[in-house]
Amino acid sequence: CTGRRPGRPRDERVDRAIIGATLELFAAEGYSALSVEAVAVKAEVSKATIYRRWPGKRELVLDALATLNDDFPILASGSTRERLLMAMRYMANRDADSLAGRIMPRMMVYSLTQPDLYAEYFDRVIMPRRQHLQKVLRDGIRNGELRADLDIATATMTIVGPVMLQVHSLGQRQPNADLPERLMDILWPGLVAQRSSGT
């Protein structure tokens with residue numbers, strides 16, 4: 001016997017409106033200035049509607065931030081190089097004026113000023129992306145494309161770090177269309193399995 005779900009079924013359109021309003025206000029005003037009341041006004045719903053879904057502002061904000069991964073590209077098959085490049089292209093070429101582009105600089109500040117909030121953001125948003133990259137690397141080791149002794153954690157940092165450094169140093173304002181390919185040309189020789197001279 002399954003437990004009864006209280007209340008009416010949730011309306012996904014209302015959920016999307018609330019999440020969208022939360023992200024817009026967070027990007028524009030930051031965490032401290034954001035209020036459930038302001039979200040309700042922007043989403044054109046009542047505060048009660050929000051509180052039926054989330055117990056408070058923090059939970060709402062964190063759930064909203066987690067949706068920033070909704071468009072993260074995941075290529076389940078294909079070569080390891082192409083799967084890595086797909087993720088790198090996503091990171092390098094996000095629009096600075098997009099929600100993710102406007103929120104990221106805030107989160108970098110919050111990593112120092114609100115470390116608890118940033119830690120939860122890291123777990124909900126950053127770690128799933130890194131875990132995907134680590135899975136791609138493990139798959140590459142299993143299928144023989146990548147070296148068997150590859151340090152996956154370090155390899156992940158060498159993939160993510162240069163992309164994010166370039167993005168932030170440019171303020172995400174200049175196109176980085178060829179950055180992933182240029183970085184991969186440098187990184188790939190250190191990732192791949194060495195072939196014997198007889199092959």
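## The second largest pocket

In this predicted model, the lining of the second largest pocket is made up of nine nonpolar, one polar and three charged residues. The space in this pocket amounts to about 190 Å³. Its lining has 13 residues, and those closest to the pocket centre are Met104, Ile126, Arg130, Val160 and Met164.

Three helices each supply at least two residues of this lining: H6 (99-113), H7 (115-142) and H8 (152-169). H7 gives the largest share, with six residues.

## The largest nonpolar core

In soluble globular proteins, nonpolar side chains tend to be buried together. The largest nonpolar core of this model has 58 residues, of which Phe26, Ile50, Leu65 and Leu84 touch the most other members. Helices that each supply at least two residues of this core include H1 (12-29), H4 (57-66), H5 (80-92) and H9 (179-191). The largest share, eight residues, comes from H7.

Which residues is Phe26 in contact with, leaving aside its neighbours within four places in sequence? They are Tyr31, Leu34, Val61, Leu65, Ile103, Arg106, Met107 and Tyr110. One of these, Leu65, is also listed with Phe26 among the core residues that touch the most other members.

## Glu44 and its backbone angle

Most residues other than glycine have a negative phi. Glu44, however, has a positive phi, near 60 degrees. This residue is found in the loop between helix H2 (36-43) and helix H3 (47-53).

Is Glu44 buried or exposed? Its relative accessible area is 72%, so Glu44 is exposed, the cut-off for that class being over 50%.

Methods. Residues are numbered from 1 along each chain as its sequence is written. This is a predicted model: local features need pLDDT of at least 70, side-chain atom pairs count only at pLDDT 80 or more; totals for chains, interfaces and linings use all residues. Side-chain values use heavy atoms; hydrogens and water are left out. On a 1 Å grid over the protein atoms alone, a cavity is a set of points where a 1.4 Å probe fits but cannot get out, and a pocket is an open set with protein on both sides within 12 Å along at least five of seven lines; lining residues have an atom within 4 Å of a point. Grid points are joined across faces, edges and corners, and a volume is the space filled by probe spheres set on the points. Helices (H or I, at least four residues) and strands (E, at least two) are DSSP runs, numbered from the N terminus. Ala, Val, Leu, Ile, Met, Phe, Trp, Tyr, Cys and Pro count as nonpolar, Asp, Glu, Lys and Arg as charged, and the others, Gly among them, as polar. Buried means under 20% relative accessible area, exposed over 50%, partly exposed in between (1.4 Å probe, protein chains only). A nonpolar core is a set of buried Ala, Val, Leu, Ile, Met, Phe, Trp, Tyr and Cys residues joined through side-chain atoms within 4.5 Å. Contact means heavy atoms within 4.5 Å.
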